[in-house]
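Have a look around, and then read on.

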Amino acid sequence: MTKAFFDDAVQEIDRLATSDKKNMETMFEIIKAGTISEVKLKDYISYYKNLSQQFIYLKQVYEMSKNLGIPVKLDMSLVRGLAYYTGIIFEVKTENVQFSIAGGGRYDRLIEIYGGPHTPAVGFAVGIERTLIAGKGYIKISQLPKIIIFNLTSSCLMFSISLAGKLRENGYITEIDTKGGSLGKAIPSYISQGFRLMIIIGEKEVREGNVTVKDLDKKTQVTVAVDKLLDLLKQML
């Protein structure tokens, strides 16, 4: 935690605890605890009774993260800018560098600040340069041609999302068209962006479990069953 963030936290705690300085002392106790164990978190639920709901929520998020396979540490001293964060905050770190590569949290009032409706929200920012430094030596950039998936109707979107996931798992740089324009206008646009292949999906393709693959360089296309798509791509490329 930087001194600037710590000073901001002290001021905010002091402002909120003017009616009861005991609350301020409690906040300092928690902040100074630093990294705590899951057992300690459970103790907090019963010990800090006026904050039990907040600690129960933190415990739920912690357990869900673990169930998703995300290695998590509970750091009570972590502080980010207080201008708009309203709940749990987090930072993303990796073992081979000392700095965080991403950070974020809850900011349920941020949209209201800019004139919008009350909207619960969570977000984060990633440091591109930091991520590249952290991943040096094992981040591999796919050399396979880029693929664009074009939906003829919006009802094909879920089918396309599933298909894109499978292609990405196999190393293909894949994007889904979300502009909703005509196919005729989309083709030259994606050619100019360096896409080599376009997968065209309509209601008929979804119904029959097929896709149409168009080679944007050779101006040829073929329709193939989804379960044969990877084999076709290997032949085409």
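Predicted model: local features only at pLDDT ≥ 70, side-chain atom pairs only at ≥ 80, totals over all residues.

Helices here are DSSP runs of H or I with at least four residues, strands are DSSP runs of E with at least two, and both are numbered from the N terminus. Residues are numbered from 1 along each chain as its sequence is written, and side-chain values use heavy atoms, with hydrogens and water left out.

**The whole chain**

The chain's secondary structure comes to ten helices and ten strands. Some words for how much of a residue is covered: buried means under 20% relative accessible area, exposed means over 50%, and partly exposed is in between (1.4 Å probe, protein chains only). Of the 237 residues, 33% count as buried. Contact, another word used below, means heavy atoms within 4.5 Å. Among the contacts in the chain with a separation of 6 or more, 47% are between residues 24 or more positions apart.

**Two residues and their surroundings**

Back to S160: is it buried or exposed? S160 counts as buried, at 0% relative accessibility. Setting aside neighbours within four places in sequence, S160 is in contact with I149, N151, I176 and I201.

F90 sits in strand β3, residues 89-92. F90 is partly exposed, with a relative accessible area of 29%. Again leaving out neighbours within four places in sequence, the residues in contact with F90 are L78, R80, G103, G104, G105, V122, G123 and F124. V79 is eleven residues from F90 along the chain, and the C-alpha atoms of the two are separated by 8.9 Å.

**A pair of helices**

Now for α3 (residues 38-47) and α4. Axes are lines fitted to C-alpha atoms, for helices over the stretch in contact, and the angles run from 0 to 180 degrees between N-to-C directions. The axes of α3 and α4 come within 8 Å and cross at roughly 155°. That makes α3 roughly antiparallel to α4, a label for angles over 145 degrees, while under 35 is roughly parallel, 65 to 115 roughly perpendicular and the rest oblique. On the α3 side, the contact is made by E38, L41, K42, Y44 and I45, and on the α4 side by S52, F55, I56, L58, K59, Y62, E63 and K66. By class, this contact has seven nonpolar, one polar and five charged residues. For these classes, Ala, Val, Leu, Ile, Met, Phe, Trp, Tyr, Cys and Pro count as nonpolar, Asp, Glu, Lys and Arg as charged, and the others, Gly among them, as polar.

E63 belongs to α4 and is partly exposed, with a relative accessible area of 26%. The C-alpha atoms of E63 and E38 are separated by 9.2 Å, with the two residues 25 apart along the chain.

**Salt bridges**

Side chains of opposite charge can pair when their charged atoms come close. A salt bridge here is a side-chain nitrogen of Lys or Arg within 4 Å of a carboxyl oxygen of Asp or Glu. How many salt bridges does the structure hold? It holds five salt bridges, including these:

| Salt bridge | N to O distance |
|---|---|
| K59 and E63 | 2.7 Å |
| R106 and D108 | 2.8 Å |
| D217 and R196 | 3.7 Å |

R196 is buried, with a relative accessible area of 17%. A network of salt bridges links R196, D215 and D217.

K59 and E63 are separated by about one helical turn, because they are four residues apart in helix α4 (residues 52-67). As for the other pair, R106 is partly exposed at 23% relative accessibility, and D108 is partly exposed at 21%.

Most residues other than glycine have a negative phi. K219 is not a glycine, yet has a positive phi of about 60°. K219 lies in the loop between β9 and β10 and is exposed, with a relative accessible area of 65%.
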